[in-house]
Amino acid sequence: MDEKRKCLYCGEPIYGRIDKKFCCDSCRNSYNYEKTHKQTNIVRNINAILARNHNILEELNEKGKSFATRQQMTEKGFDFRYFTHVYKTKTGSVYYIVYDQAYLPKEGSPDSFLLVKFADRKVV
């Protein structure tokens, strides 16, 4: 039985080597571009949000330690859903970190934050 193999991109019949997946270089390039382009856009968009969050924290925290309100941060475009990692202290405080800038919700006031510079896994 002689079944025709079809190109993964355009569906045209494939001739030549038995392990070929594409009918031509153009289809192979287009297929791989579309496959990786979607993933690249997701990463690019998330990195842009993280960079914006970092810049906002850096702008609000010029001295290395300061306070800010949720309103101040959101007005500048801060997105609380995105951070690079979390640091939990021995006392149970949870710092949300964006690269080297961290914010800690103030106890009893969820709309106020302590902003600190975070370096080498230690709060400065």
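Predicted model: local features only at pLDDT ≥ 70, side-chain atom pairs only at ≥ 80, totals over all residues.
I looked up Asp-25 first: it is exposed, with a relative accessible area of 52% (exposed is over 50%, buried under 20%, partly exposed in between, with a 1.4 Å probe and protein chains only). Its partner in a salt bridge is Arg-28, with the closest N and O atoms 3.1 Å apart (a salt bridge is a side-chain nitrogen of Lys or Arg within 4 Å of a carboxyl oxygen of Asp or Glu). Arg-28 is partly exposed at 34% relative accessibility.

Residues are numbered from 1 along each chain as its sequence is written, and side-chain values use heavy atoms, without hydrogens and water.

I then checked Lys-117 and Asp-100, whose side chains form a salt bridge at 2.6 Å, N to O. This pair links distant parts of the chain, 17 residues apart: Lys-117 is in strand E5 (109-119), and Asp-100 is in the loop between strands E3 (94-98) and E4 (101-106). Lys-117 is partly exposed at 31% relative accessibility, and Asp-100 is partly exposed at 22%.

I also found Asp-19 bridged to Arg-17 at 2.9 Å between the closest N and O atoms. Arg-17 is exposed, at 57% relative accessible area.

The secondary structure is two helices and six strands.

Note on methods:
Helix = DSSP H or I, 4+ residues; strand = E, 2+ residues; numbered from the N terminus.
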